[in-house]
Amino acid sequence: MPSQLYIDGKWRDPAQGGRFDTVDPATERVLQQVPMATAEDIDLAVAAARRAFDDGWGKTSGAERAVFIEALADDLEARQDELATLEVRDNGKPLPEAQWDIGDAIGCFRYYAGLARELDERQDEALALPDERFRCRIRYEPVGVAGQIIPWNFPLLMLAWKVAPALAAGATCVLKPSELTPLTALELAAAADRSGLPAGVLNVVTGLGGEAGGPLSRHPLVDKLAFTGSVPTGTRIMSAAAADIKNISLELGGKSAFVVFDDSDVEAAVEWIMFGIFWNQGQVCSATSRLLVQEGIADRLLERLVEAARAITIGNGLEPGVLLGPLVSRSQYEKVTGFVQRGQSGEARLLTGGRRPAHLNDGYFLEPTIFDEPSEDSTLWREEIFGPVLCVKRFRTEAEALAMANDSRFGLAAAVMSADGDRAARVADGLRAGIVWINCSQPTFTEAPWGGMKQSGIGRELGRWGLENYLEVKQVTEYRSAQPWGWYLKP
């Protein structure tokens, strides 16, 4: 496995020589020592990205860039099983989930290769003007050097969401993966090296937030910052970007509501509720962690939900049949169990879970946990837990459900389930969230926009919106008349 920084098309040791451990969360054993970048390495990486952009990549056609993006997808696809296993060991998620993620990442690169080609067709499109003496054409030009900071919950997939559209647009990248899950980012650097991507177009710098992420977000030669992660870190990155008025996109936290009406099928509801909160151990920004269930179905649904949650197979993600792996790190485990302990101390009634599974002595494992009727001002109900912890409240009317769902500082996602299509559509339109699912939770498609309202972030990723994150729009207006304009100097 790669064990150096990837800067300007070369593998190199960090300037200060530091390294840190990446740990298998299922065993608590060290997987690999990873290079620890500092400000000196960030300077080198940004300078390389600047040169690569100015000297050629920013002037290439979309069709030329698509060739390299497809080559990256081909390389990842050839190693798909190996990368999925590595993702499990580095992150902890069950293997079927990792396989799904790697496949989605490959598809993301292929999708943006297609949009890169389409971008050529959109260049210099004519814009109709009310004055026929003028002609206007529109150009889409790359933003420049993009600093990209990605989270640990979907390591390669979140990387693809940022790197693929940036390359398609003609931007160059300095990528800092999470220090908790850096290994597949280094594998992408290796794929870039094998595919012949020009030096400096993609630079991968592993390191800690303060020592590497901070200098990257403050660097004066970075034109664009893209970040996915927590609200506090996003706030710091936004503040750093403000100093130079940098282009910025943020995908931050969530506390998403799932509204289930009493005409819903119980089994279908239980399936989607569990998918919405226990997928990836609940470590999902869009996790539907607040369940609002109508009184008429509440008792039956909760009885079945608790039964199904207790039946989930927990263990090492590489073991067959496992559907819930460990949390990603000791610090994340302590954070989530801290929320659980506060809940058990009086914030709500524990229906199931809240403990380490009895058969697992090592690893950061937590049983699927469900709390009933926390108060609306409790930390359980209001704060993002980012673990397999579901909070349930009952409602009577549609208006009450909407008010409770929207009463949050977050607005990333929401879901509604009902057999009444008109009601489901009405509630979906009333939910203050950037992503709303009807009769499901969490399906994500590369073609559709992803992002939130309120404190859940700024901007959208995926689809054509993801490409536009890395484009500047330029108008070129030409005076076409043979007659002088004649405003100051009369003809």
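**View 1. Lys-393 in its strand.** Let's start with one residue of this predicted model: Lys-393, which sits in strand β16. Is Lys-393 buried or exposed? Its relative accessible area is 8%, and the cut-off for buried is under 20%, so Lys-393 counts as buried.

**View 2. The surroundings of Lys-393.** Follow the side chain of Lys-393 and you will find that it reaches the backbone oxygen of Pro-374, at 2.8 Å. Leaving aside residues up to four places away in sequence, Lys-393 also touches Leu-291, Leu-292 and Val-293, along with Glu-373, Ser-375, Glu-376, Trp-381 and Met-404.

**View 3. Strand β16 beside strand β15.** Here you can see β16 (residues 389-395) running parallel to β15 (residues 369-372), with four bridges joining the two. To pick out a pair, look for Asp-372, whose bridge partner in β16 is Val-392.

**View 4. The whole sheet.** Stepping back, β15 and β16 belong to an open sheet of seven strands with mixed pairing. Reading across, the order is β14-β15-β16-β13-β12-β18-β19. Which strands form the edges? They are β14 (349-352) and β19 (435-438), each of which pairs on one side only. From one strand to the next, the twist averages 25°.

**View 5. Two helices on the sheet.** Helix α13 (residues 398-406) lies across β12 (257-260), β13 (290-294) and β16, and runs at about 145° to β16. Helix α14 (residues 421-430) packs on the sheet too, where it touches β13, β18 (413-417) and β19. The direction of α14 makes about 170° with that of β19.

How values were computed. Residues are numbered from 1 along each chain as its sequence is written. This is a predicted model: local features need pLDDT of at least 70, side-chain atom pairs count only at pLDDT 80 or more; totals for chains, interfaces and linings use all residues. Side-chain values use heavy atoms; hydrogens and water are left out. Two strands pair if DSSP finds at least two bridges between them. Axes are lines fitted to C-alpha atoms, for helices over the stretch in contact, and angles run from 0 to 180 degrees between N-to-C directions. Contact means heavy atoms within 4.5 Å. Buried means under 20% relative accessible area, exposed over 50%, partly exposed in between (1.4 Å probe, protein chains only). A polar contact is a pair of N or O atoms within 3.5 Å; within protein, one must be able to donate a hydrogen and the other to accept it, and residues adjacent in sequence count only if both atoms are side-chain atoms.
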